[in-house]
Amino acid sequence: MSFVRSRKLSSMLLFTLLFACLMGASKGGNFFQDFDITWGDQRAKILNGGQLLTLSLDKASGSGFQSKNEYLFGRIDMQIKLVAGNSAGTVTAYYLSSQGSTHDEIDFEFLGNATGEPYILHTNVFSQGKGNREQQFYLWFDPTKAFHTYSIVWNQQRIIFLVDNIPIRVFHNLESIGVPFPNKQAMRIHSSLWNADDWATRGGLVKTDWTQAPFTASYRNFKANACIWSSASPCTSTSPNSVQDNAWQVQALDAPGRNRLRWVQQKYMIYNYCTDLKRFPQGLPPECKRSRFL
């Protein structure tokens, strides 16, 4: 009886949170209003009246920023132009994360490379402090020539990673079979540009060429259709009360979306933890048994 009552209370809480999202007001993206520079001194700059943010890295330090708000579910979009030229050894990280040893995290990391060699897009999902769910991709364009949109859709059912609105990865909520899923901790948006030449490019074989510094990544057109979390109000929306802007709450892949996901993963995926039998000699993680194209 207590189990049934607990399930009912959980369902009521979820309904309340989602209803609060639908009742929220619109909020435009502005880096002055929405983000704090967290480190790097003057290497991080907000320009053009809050419409552009740049991060720089030199031999002394990198730089980073985080959102003022914490979010519990939503769709986060950011346009990024990555470090051009010889970016070997550098990492541009863009991710959602909570705090603490049992934190949740949803990662985009862009691993730099020598001039003319492709960037590697590294993705990961942490839940309750546990990650080890890496998938890596090449991109089908040069991410240093222009801005491209990198998006995270995070709802109760799944996490979808998108590049220019093309899905590249889906991580499903499989708590029913014992796989932890990030659904209880609010997360901030973070981004940083830093030196990781001990591992980032060819396992650390290619080092950062500091004669090319400073390295710069640029950000614009931030948008969060999401639930803002606070102690006073568990969830208020950044989106207008419209079906289109709140579609993320139940967003899944339709048939064309699954075809695009299949195209990316068959042509551009270069590492998938779910096929790494040497890494998991005792058996692949349980979520790997589900088709990644669903």
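What share of the contacts in the protein chain with a separation of 6 or more comes from residues 24 or more positions apart? In this predicted model, the figure is 66%. The chain holds three helices and 16 strands. It has 294 residues, and 52% of them count as buried. Its accessible surface comes to about 14200 Å². Carbon and sulfur atoms own 53% of that surface.

Turn now to helix 3. It runs over residues 255-267, 13 residues in all. From first C-alpha to last it reaches 18 Å. That is close to the 18 Å expected at 1.5 Å a residue. Four of its residues are buried: Gly257, Leu261, Val264 and Gln265. Seen down the helix axis, the buried residues fall within an arc of 90°, so they line one face of helix 3. What lies over them? The cover includes strand 9 (135-137), strand 12 (166-172) and strand 16 (269-272). The face turned away from the buried side carries Gln266 and Lys267, both exposed.

The start of helix 3 has a contact of its own. There, a side-chain oxygen of aspartate 254 comes to within 2.8 Å of a backbone nitrogen. That nitrogen belongs to glycine 257, one of the buried residues of the helix.

Next, look at strand 14, which spans residues 215-229. Isoleucine 228 lies in this strand. Is isoleucine 228 buried or exposed? Its relative accessible area is 14%. Buried means under 20%, so isoleucine 228 is buried. Arginine 188 sits 40 residues from isoleucine 228 along the chain. The C-alpha atoms of isoleucine 228 and arginine 188 are separated by 9.7 Å.

Finish with the cysteines. The structure holds one disulfide. It joins cysteine 274 to cysteine 288, with an S to S distance of 2.0 Å. Both cysteines lie in the segment after strand 16, 14 residues apart. Which hand does the disulfide have? The torsion about the S-S bond is about -75°, so the disulfide is left-handed. Cysteine 274 has 16% relative accessibility and counts as buried. Cysteine 288 also stands at 16%, and it too counts as buried.

How values were computed: Residues are numbered from 1 along each chain as its sequence is written. This is a predicted model: local features need pLDDT of at least 70, side-chain atom pairs count only at pLDDT 80 or more; totals for chains, interfaces and linings use all residues. Side-chain values use heavy atoms; hydrogens and water are left out. Helices (H or I, at least four residues) and strands (E, at least two) are DSSP runs, numbered from the N terminus. The expected span of a helix is 1.5 Å times one less than its number of residues. Buried means under 20% relative accessible area, exposed over 50%, partly exposed in between (1.4 Å probe, protein chains only). The arc is that of the directions from the helix axis to the C-beta atoms. Contact means heavy atoms within 4.5 Å. A polar contact is a pair of N or O atoms within 3.5 Å; within protein, one must be able to donate a hydrogen and the other to accept it, and residues adjacent in sequence count only if both atoms are side-chain atoms. Accessible areas come from the Shrake-Rupley method with a 1.4 Å probe; for residues, only the protein chains shown count as cover. A disulfide is a pair of cysteine sulfur atoms within 2.5 Å.
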